[in-house]
Amino acid sequence: GRICIGKGTIIAANTYIIDSNHGMKKGILIQSQSVVSSSIEIGEGCWIGANCVIAKGSNLGNGVVIGAGSFVNSECVDNAIYAGSPAKFIRNRE
């Protein structure tokens with residue numbers, strides 16, 4: 001996968017940005033399966049709180065805020081706040 005982080009984005013301590021994972025097909029040892037990867041896009045001017053995980057395939061628009069301890073695995077629209085596990089839309093920034 002590819003990880004792209006826009007200008008002015010800040011990322012707090014203990015945050016993981018992970019663009020891959022093991023396959024999980026039944027009948028094959030996980031350690032023997034291919035790695036599955038997907039790009040991650042993080043826009044400009046974002047703030048990602050402490051202890052977050054940004055998983056493969058995530059797409060954060062510009063100005064997105066991710067609350068501490070959140071797990072992101074989807075799209076986050078511009079200028080919005082997300083939190084939780086999995087991260088859910090909380091509200092738009094004012």
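Author: A strand here is a DSSP run of E with at least two residues, and strands are numbered from the N terminus. The model is predicted. Under that definition, residues 3–5 form strand β1, where Ile-3 is found. With a relative accessibility of 39%, Ile-3 counts as partly exposed, and together with Ile-5 and Ile-11 it makes a nonpolar surface patch of about 230 Å².

The part to be examined closely is strand β13, which spans residues 80–84 and pairs in the parallel sense with strand β10, residues 65–66, over 2 bridges. Within this pairing, Ile-66 stands opposite Tyr-82 of β13. β13 also runs antiparallel to strand β14, residues 87–92, to which 5 bridges join it. One of the facing positions is Ile-81, whose bridge partner in β14 is Arg-91. The two strands β13 and β14 form a hairpin, with 2 residues between them.

The side chains of this hairpin deserve attention next. A pair of aromatic rings is described by the distance of the centres and the angle of the planes. The count of aromatic pairs comes to 1. It consists of Tyr-82 and Phe-89, whose ring centres lie 5.8 Å apart; their planes stand at 75°, so the pair is edge-to-face. The cut-off for that class is an angle over 60 degrees. As for accessibility, Tyr-82 counts as buried because its relative accessibility is 6%, whereas Phe-89, with a relative accessible area of 43%, is partly exposed.

Terms used
Residues numbered from 1 in each chain as written. Predicted model: local features only at pLDDT ≥ 70, side-chain atom pairs only at ≥ 80, totals over all residues. Heavy atoms only, no water. Patch = residues over 30% accessible without salt bridge, like charges linked within 9 Å, V, L, I, M, F, W, Y side chains within 5 Å. Areas by Shrake-Rupley, 256 points an atom, 1.4 Å probe, with all protein chains shown as cover. Salt bridge = Lys/Arg side-chain N within 4 Å of Asp/Glu carboxyl O. Helix = DSSP H or I, 4+ residues; strand = E, 2+ residues; numbered from the N terminus. Buried < 20%, exposed > 50% of the residue type's maximum accessible area, 1.4 Å probe, protein only. Pairing = 2+ DSSP bridges. Phe/Tyr/Trp six-rings, centres within 6.5 Å; stacked < 30°, edge-to-face > 60°.
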